[in-house]
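The sequence and structure come before the notes.

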Amino acid sequence: MGGAGASEAERPKWTTIHGRHVDVSKFRHPGGNIIELFYGMDSTSAFEQFHGHHKGAWKMLKALPTKEVDPADVPQQPQEHVAEMTRLMTSWRERGLFKPRPVASGIYGLAVVAAIVACIACAPHAPVLSGIGLGSCWAQCGFLQHMGGHREWGVRYSFLLQHFFEGLLKGGSASWWRNRHNKHHAKTNVLGEDGDLRTTPFFAWDPTLAKKVPDWSLKTQAFTFLPALGAYVFVFAFTIRKYAVACHPPSPSGIYLGFFFGLSHFAVERVPSTATWLESSMIGTVDWGGSSAFCGYASAEKLGLPYRELSFAGAVKLMMVGLWRTGRDELQLRSDRRKYSRTQAYMAAASAVVENLKAD
Ligand SMILES: [Zn+2]
């Protein structure tokens, strides 16, 4: 019934924000279809995260009608998680953690741009070295465009600068990335909703994804994952920077970005669609080397949620062993199934013979 588990088409078009079931059936969400991921369930934390600071969004929310919903249709989502997330958000906002840091990140951006110019200038003299330098700079552009997507330079300039770093310097699409990345933050490690898990048919991180990966890839994925990441940025690079691709190995930036992303999410559990923001963040994320400290032990402990803190080496091991095990288990399952169906075929043939004999 209702929200949880219902397919996209039958999901009811309401969402709960701060205890009110808001009718969004006639609402065109300015941020695109991300709102559909919250049809028929609580979206308070997502609203707080994306719009808590924005007066216009609160006004829009107020203007939307309330929907009468049968309590049986409301999926069970722990309200204490929602309340804890709101409390955390409020305290972080009060501490100024969401304030843009235009000067510090501006200096970082300028340094990267200067390094890119230097690499291009040096390319005729030291092609390999400047190629590696350029690849590393593109990885930094990945971080910089991420900051832009998170409005690091304030509401007015952030997206413009994101287009500069992602579009002009990296050859990707800033708005495509934003749409995907917002879903990643709102539905971390939720299968089918967090687009960053879409690594099939090449790599599988869990039994569900493994079903969409061919045998050869399951056999080799633990060994091909890292080298393949190099190709990821190669594709981006080829779109506009032919010259740079021609003279340098494109792999450093892809491996750098993809590898670090993988460490944080790939090896840990998938979460159900109705998970609260806190659940999907805690269950679906590894805090390796203190990199993604989310809200610390306090909240996790209070609510009985897992909080995984690993060293860099520990996270690498978890990811690579996980990749290898997923491949091995699915291959085993497939071979069992083949044996089983072969046995079944023999049995069917044997019983057919017996039937024939009986008939004679
Ligand atoms: Zn982000």
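Pro201 sits in the loop that runs from helix H7 (174-186) to helix H8 (207-210). The model is a predicted one, in which local features need pLDDT of at least 70, side-chain atom pairs count only at pLDDT 80 or more, and totals for chains, interfaces and linings use all residues. Residue numbers start from 1 along each chain as its sequence is written.

**Overall make-up**
- The protein chain contains 14 helices and five strands; helices (H or I, at least four residues) and strands (E, at least two) are DSSP runs numbered from the N terminus.
- Of its 360 residues, 32% count as buried; buried requires 20 or more other C-beta atoms within 10 Å of the residue's own, exposed 12 or fewer, and partly exposed lies in between, with C-beta atoms placed from the backbone.
- Among contacts in the protein chain with a separation of 6 or more, 65% are between residues 24 or more positions apart; a contact requires C-beta atoms, placed from the backbone, to lie within 7 Å.

**The loop between H7 and H8**
- Thr200 and Pro201 are joined by a cis peptide bond, with omega about 5°.
- Asn189 is also placed in the loop between H7 and H8.
- The phi of Asn189 is near 60°, a positive value in a residue other than glycine.
- Asn189 is buried because 25 other C-beta atoms lie within 10 Å.

**The loop between H5 and H6**
- Arg151 lies between helix H5 (127-149) and helix H6 (154-169), in the loop.
- Arg151, a residue other than glycine, has a positive phi near 60°.
- Arg151 counts as partly exposed because it has 16 C-beta neighbours inside 10 Å.

Definitions and conventions. Contact = placed C-beta atoms within 7 Å.
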